[in-house]
Amino acid sequence: LDRIYPVILVLISASLMMIVSLRSNYILGDDINEEYYLFFSTQAHSIWFPDPTLLLNSALSISILPTVFKNFIFTDPQLLYKLLFPLLSLLTPLIIYTLVRKYFSGILALFAACFYIFQRFFVGISLNPRTSVAIIFFALTILVLCNKELTNAKKYAMLLLFITGGVLSHYTSSF
C-alpha cells in the first residue's frame, strides 16, 4: 500500500496545479508575464545577458532553465512555460512524503504531504515560477539535512549545491 501513496500524491498535485496553469490560453499571474518575457528573449536571442536594469533577469530559473528545456522539447514556448513549472512543483510533495516517511508510517506521510498540497499557497505557486523552484531547492536542502546515511563530504556538497541553486533561482533579484 505504501507504493501507491506517491502515485496518489502526484495525481492530486498535478490536478490541482493544472487547474490554475491551464485555465486560460494565456499566461496568468503577476510576475510571470515579465518572467516569460525574459525567458522568451533569452530563447529567441540564444544568449543570456544579465541586464542590471531588469532585476528578474538574473534569476536563472526563469531565463536559463526554460531555455534549456525548450532546446530539448520542441514545443510552443508559452505551453512549455505553463507546464514546466507546475510539473516541477510536483517534486515538493514527494520530497515531503519521503522525509516524513523516514520517521512515521506511510499514511501519516501521505497526510503530511496532503496537508502541504491542500494549502491555498500550493495552487497559486504555479503563478510564480521562481518561488516554485526555490521551494524545491529548500525541500531538497531539508531532505539532505535529515539524511543520516550520507557522509559529511557528500552532505556538504549537496547542501552547497541546493543552497546555491535556491539563491541563483530566486534570490538573485535582490542583488
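Author: Helix 8 passes helix 9 in a left-handed crossing. A crossing counts as left-handed if the near helix is turned anticlockwise from the far one by less than a right angle, and as right-handed if clockwise. This is a predicted model, in which local features need pLDDT of at least 70 and side-chain atom pairs count only at pLDDT 80 or more, while totals for chains, interfaces and linings use all residues. Residues are numbered from 1 along each chain as its sequence is written, and side-chain values use heavy atoms, with hydrogens and water left out.

Helices are DSSP runs (H or I, at least four residues), numbered from the N terminus. Helix 8 covers residues 129-145 and helix 9 covers residues 152-169. They pack at an angle of about 165°, and their axes are 8 Å apart. Helix 8 is therefore roughly antiparallel to helix 9. Angles under 35 degrees count as roughly parallel, over 145 as roughly antiparallel, 65 to 115 as roughly perpendicular and the rest as oblique. The axes are lines fitted to C-alpha atoms over the stretch in contact, and angles run from 0 to 180 degrees between N-to-C directions.

Helix 8 also packs with helix 4 (residues 77-88), here at about 25° with the axes 9 Å apart. These two are therefore roughly parallel, and helix 4 passes helix 8 in a left-handed crossing.

Next comes the pair of helix 1 and helix 5. Their axes lie 9 Å apart at an angle of about 150°, so the two are roughly antiparallel. Their crossing is right-handed.

A search of the whole structure finds 1 salt bridge, meaning a side-chain nitrogen of Lys or Arg within 4 Å of a carboxyl oxygen of Asp or Glu. D2 forms a salt bridge with R101, and the closest N and O atoms are 2.6 Å apart. The pair links distant parts of the chain, 99 residues apart: D2 is in the segment before helix 1, and R101 is in helix 5 (residues 91-101). D2 is partly exposed at 34% relative accessible area, and R101 is partly exposed at 32%. Buried means under 20%, exposed over 50%, and partly exposed in between (1.4 Å probe, protein chains only).

I4 is in helix 1 (residues 4-21) and is partly exposed at 40%. With L1, V7, I8 and L11, I4 forms a nonpolar surface patch of about 490 Å² accessible area together. Patches are made of residues with over 30% relative accessible area and no salt bridge; like charges are joined within 9 Å, and nonpolar side chains (Val, Leu, Ile, Met, Phe, Trp, Tyr) within 5 Å. Accessible areas come from the Shrake-Rupley method with a 1.4 Å probe; for residues, only the protein chains shown count as cover.
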